[in-house]
Amino acid sequence: MTPGDDSLTARIALSKLSGMDTALADRLTTALGSPEAVMTAPELELKALGDVPKAVVPIQKRYQATERARREVEFLKSTNIRPVWYRDKHYPTRLLNATRPPVMIYTLGDVDLNSSVTIGIVGTRHATAYGNTVTEQIVNDLASRIDNIVTVSGLAYGIDVAAHRASLAAGIPTVGVLGHGLNRIYPAVHRDTAGRMVHQGGMLLSDYDHEANVNGYNFLARNRLIAALSDVLVVVESGDQGGALATARLAAKCGSRVAAVPGRITDVYSVGCNQLIATGQATAITSADDIITLMGWQCKENKPTAETKPATPDLTPDERTLLHLIMTVPGCDNDMLASTSGMSAARIMTVMIGLEMKNVVTLQPGNRYEVIQTIDPASLLT
């Protein structure tokens, strides 16, 4: 059952309050009856509950969170992004083991993370040929031997995007956990990969709304979600510092297994992996076999599977409008879309990212778009 606008607004607003996690949300909503009641309760009533963070009590803070939530609800209406409350059946239960489990997440795509085997793959943004090769080999071998497996990473440069692309090539779902809202892709050069991930049965996931800024702290914070979503987290390459090592520590803290690929002691991007292994924080693995043994996974029978082609996705009215312009106006670029459609530049960017993620268009040099599905322009006007 989909919540109404008021209920969804209250849930999103509650998630925006500083210091909010599932435990605090449970306590407040149980005491007061609902997220709506929490967001409108008098300050004295909240204080009377005891041990409520100072940032939650002021009515002004809750009003500001509610106004931002209203904007988010309006934004969501024109997208395929799904807001998922922590008590919803679609909420990945593994996230409840995370440090500060998110009260609300946003997803684009359709992966049942509660009935999948998950492997997180992370590493340096400066991946070497060795790291890329090992990543591809592990993903390919696991895809051929383990049923219902999903990879998880952060869509960053280096090992992250190598894991996603290897998963796409191997035909298994892959989940990108982002440090910003799903109205954008950062880095932008990975937009095509992100679109193929969603289109080929994977997912983009974030606990940030569309107004969230892109900053370093957010990317560090999202690592806790990668760690919690992974049955086993594999660090392929890492220097002696960085996000991959932080993710490994978070994974161990929330009960996920941690593995690392060893490298030569003279290689700067194997130092972190070798340290994890030497200090007992990770199990050394050199192949998919090692991971399967570590996890006790049951290998599948080698049965040929019929290849299925995804259907053309449903399009929103705004997507139909812009797509029709692209297909019927020669040399149509962003400026022409803005002048012809009457939409704002920000709205056009959001709609076009949606079309890219549905694998309908791809961005070409000069901010021009190429349609990559067979679509009758006349059908877009019906």
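How far is the sulfur of Cys254 from the closest cysteine sulfur?

1. Cysteines. The sulfur of Cys254 lies 18 Å from that of Cys273, the closest cysteine sulfur, which is too far for a bond. A disulfide is taken here as a pair of cysteine sulfur atoms within 2.5 Å, and the structure holds zero disulfides. Cys273 is likewise in no disulfide. Cys254 counts as buried at 14% relative accessibility, and Cys273 counts as buried at 0%. Buried denotes under 20% relative accessible area, exposed over 50%, and partly exposed the range in between (1.4 Å probe, protein chains only).

2. Basis of the values. This is a predicted model, in which local features need pLDDT of at least 70 and side-chain atom pairs count only at pLDDT 80 or more, while totals for chains, interfaces and linings use all residues. Residues are numbered from 1 along each chain as its sequence is written, and side-chain values use heavy atoms, with hydrogens and water left out.

3. Helix H1. Helices (H or I, at least four residues) and strands (E, at least two) are DSSP runs, numbered from the N terminus. H1 has 12 residues and spans 16 Å from its first C-alpha to its last, close to the expected 16 Å at 1.5 Å a residue; the expected span is 1.5 Å times one less than the number of residues. Nine of the 12 residues of H1 are buried, so this helix is largely enclosed by the rest of the structure. Among the buried residues are Leu8, Arg11, Ile12 and Leu14. The buried residues of H1 pack against helix H2 (22–32), helix H3 (35–40), H5, strand S1 (82–85) and strand S2 (104–109), where contact means heavy atoms within 4.5 Å.

4. The structure holds 16 salt bridges, each defined as a side-chain nitrogen of Lys or Arg within 4 Å of a carboxyl oxygen of Asp or Glu. One of them joins the side chains of Lys77 and Asp5, at 2.8 Å from N to O. This pair links distant parts of the chain, with Lys77 in helix H5 (residues 59–77) and Asp5 in helix H1 (residues 5–16), 72 residues apart. Asp5 is partly exposed, at a relative accessible area of 38%.

5. The side chains of Arg145 and Asp289 meet in a salt bridge at 2.0 Å, N to O. Because Arg145 lies in helix H6 (residues 129–145) and Asp289 in helix H12 (residues 288–295), the pair ties together parts that are 144 residues apart in sequence. Arg145 counts as partly exposed at 29% relative accessibility, and Asp289 is partly exposed at 40%.

6. Arg196 and Asp192 form a salt bridge at 3.4 Å, N to O. The two residues are four apart in helix H8 (residues 191–199) and are therefore separated by about one helical turn. Arg196 is partly exposed, with a relative accessible area of 26%, and Asp192 counts as partly exposed at 36%. Elsewhere, salt bridges that share partners join Lys16, Arg68, Arg71, Asp209 and Glu211 into one network.

7. The second largest pocket. About 630 Å³ of space lies in this pocket. Its lining comprises 23 residues, of which Ser15, Lys16, Leu17, Asp207 and Tyr208 are the closest to its centre. H1 and helix H9 (216–229) each supply at least two lining residues, and the largest share, four residues, comes from H9. On a 1 Å grid over the protein atoms alone, a pocket is an open set of points where a 1.4 Å probe fits, with protein on both sides within 12 Å along at least five of seven lines; lining residues have an atom within 4 Å of a point. Grid points are joined across faces, edges and corners, and the volume is the space filled by probe spheres set on the points.

8. A cis peptide bond, with omega about 0°, joins Tyr186 and Pro187; Pro187 lies in the loop between strand S5 (174–177) and H8. Asp51, a residue other than glycine, has a positive phi near 55°. Asp51 is placed in the loop between helix H4 (43–49) and H5, and counts as exposed at 74% relative accessibility. Arg100 also has a positive phi, near 55°. Arg100 lies in the loop between S1 and S2, and counts as partly exposed at 42% relative accessibility.
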